[in-house]
Amino acid sequence: MHDRESYNTKMPAACFLLFFAHGLVFSSWASRIPVIKNTLSISEAELGTLLLLMPIGQLSTMVPAGKLISRFGSSRIIKSCFLLYPVFLLLIGLSPSYWVLAVVLFFFGVSGNLCNIAMNTQAIEIESITKRTLLSSYHGAWCFAGLVGAVVGLLAINIHVATFYHFVFIFILVAGLWMYSKGNLTNIIHKVEPQRQSIFKTVNSTLIGLGVIGFLSMAIEGAMFDWSGVYFQTIVKAPDGLVILGYTSFIFMMTLGRFAGNRVIEKYGKKTVLQGCGLLMSCGLFLSVFFPEFWVCIIAFMIIGLGGSLSVPSVYSAVGQVSTVAPSIALSFVSSISFLGFLMGPPLIGYIAEAFDLRYSYGLFACFGILLTVIAGQMDIFRIKK
């Protein structure tokens, strides 16, 4: 059961801006990684360790985030905690040493995941009020923010703006978006009994299945984010100036697909969409493996991006239909399992590539898309159209 305040027509737009703000913070940090690495004289191995601390921080919030949001509501968490994320971005810009940066990155991950679960819970609640499919466009806003953040970061670097002042600009922008959004959120409080047992004992086979689908999809997504440039460089043999086109074609279609995805999901249902996503990702990966030519791989990576665009939004939206568990707790579990795929996928690609070849890695991940399609077809929850 839950209490609902009256519907505010600004709620969907407010949530959209929160997703954009969250993506802008993350992409701003990502755009400055090479600069920070050089400034603090960080080695490749040390950077690898640093990049693990953020997801460790994210995973550490799985249980407390779900319980906090369930108890106080996503709106209250967003109002009180959202600005912590850009605050830690500022602290990254001020970090004077490797060890200080390591601590800051851990809490950057903690705050980022708390905000992520809160705003996705808010999105599910708005979907339940409006009876509309909205998560796809919200995740599209996050992707679009990634492109904007990358462009702003590139511009800041080229005009020699210091990292801290770049992050100050992002903080001011995000704070403005938050100020507008925080007054236009729904305030659903899910009245559940206090959790006296582990969160893992409250989940069911449906949530595990959703988590596995999210894991498979985000493993492919992580492989594309981290290895698309390397694939174009070492396998496709693209010219140095065109190596980035692999990633660009992927992220462009992912963003486009997410903005167009609400109507697609509403028309065909989550089950059909997920099965189509799995097949598209699989076909795109196999195409790039068997025909590693420049223009063929551009098209292949666009197909993968289109397939990946609606898989995670469909999974997160389906979490709201699991009535036996509070949405915040269910989403915390599913998103954390999904994120493990994003975390573990890229290293697995590297291990296989080291032992065999990068094409073998992409071939294995193509099978993930087929497995995703099979699992989605077997789950009862996807028999509900929306």
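User: Where is Lys237 found, and what makes this residue count as buried or exposed?

Analyst: Lys237 is found in the loop between helix 10 and helix 11, where helices (H or I, at least four residues) and strands (E, at least two residues) are DSSP runs, numbered from the N terminus. Its relative accessible area is 62%, and a residue is called exposed over 50%, buried under 20% and partly exposed in between, with a 1.4 Å probe and protein chains only. Lys237 is therefore exposed. Its phi is near 60°, a positive value in a residue other than glycine.

User: What kind of model do these values come from?

Analyst: This is a predicted model, in which local features need pLDDT of at least 70 and side-chain atom pairs count only at pLDDT 80 or more, while totals for chains, interfaces and linings use all residues. Residues are numbered from 1 along each chain as its sequence is written, and side-chain values use heavy atoms, with hydrogens and water left out.

User: Where does Ser41 lie, and why is it called buried or exposed?

Analyst: Ser41 lies in the loop between helix 2 (33-39) and helix 3 (44-60). Its relative accessibility is 62%, so Ser41 counts as exposed. Phi of Ser41 is near 55°, a positive value in a residue other than glycine.

User: What makes the link between the side chains of Ser74 and Gln122 a polar contact?

Analyst: A polar contact is a pair of N or O atoms within 3.5 Å; within protein, one must be able to donate a hydrogen and the other to accept it, and residues adjacent in sequence count only if both atoms are side-chain atoms. The side chains of Ser74 and Gln122 are joined at 2.7 Å, and a polar contact of 2.9 Å also joins the side chains of Ser74 and Glu125.

User: How do you know whether helix 4 is roughly parallel or roughly perpendicular to helix 5?

Analyst: The axes of helix 4 (residues 62-72) and helix 5 come within 6 Å and cross at roughly 110°. That makes helix 4 roughly perpendicular to helix 5, because angles of 65 to 115 degrees count as roughly perpendicular, under 35 as roughly parallel, over 145 as roughly antiparallel and the rest as oblique. Leu68, Ile69 and Phe72 of helix 4 make the contact with Ser74, Arg76 and Ile77 of helix 5.

User: Why is the aromatic pair of Tyr231 and Tyr362 called what it is?

Analyst: Rings of Phe, Tyr and Trp (its six-membered ring) pair if their centres lie within 6.5 Å, and planes under 30 degrees apart count as stacked, over 60 as edge-to-face and the rest as tilted. By this rule the count comes to 18 aromatic pairs. In the pair of Tyr231 and Tyr362 the centres are 4.4 Å apart and the planes 15° apart, and the pair is stacked. Tyr231 lies in helix 10 (residues 205-234) and Tyr362 in helix 15 (residues 358-378), so the pair ties together parts that are 131 residues apart in sequence. At a relative accessible area of 0%, Tyr231 is buried, and Tyr362 is buried with a value of 0%.

User: What makes helix 13 largely enclosed by the rest of the structure?

Analyst: Nine of the nine residues of helix 13 (residues 311-319) are buried, so helix 13 is largely enclosed. Its buried residues, including Pro313 and Tyr316, pack against helix 7 (98-130), helix 8 (135-158), helix 10, helix 11 (245-290), helix 12 (294-309) and helix 14 (327-355).

Methods:
Axes are lines fitted to C-alpha atoms, for helices over the stretch in contact, and angles run from 0 to 180 degrees between N-to-C directions. Contact means heavy atoms within 4.5 Å.
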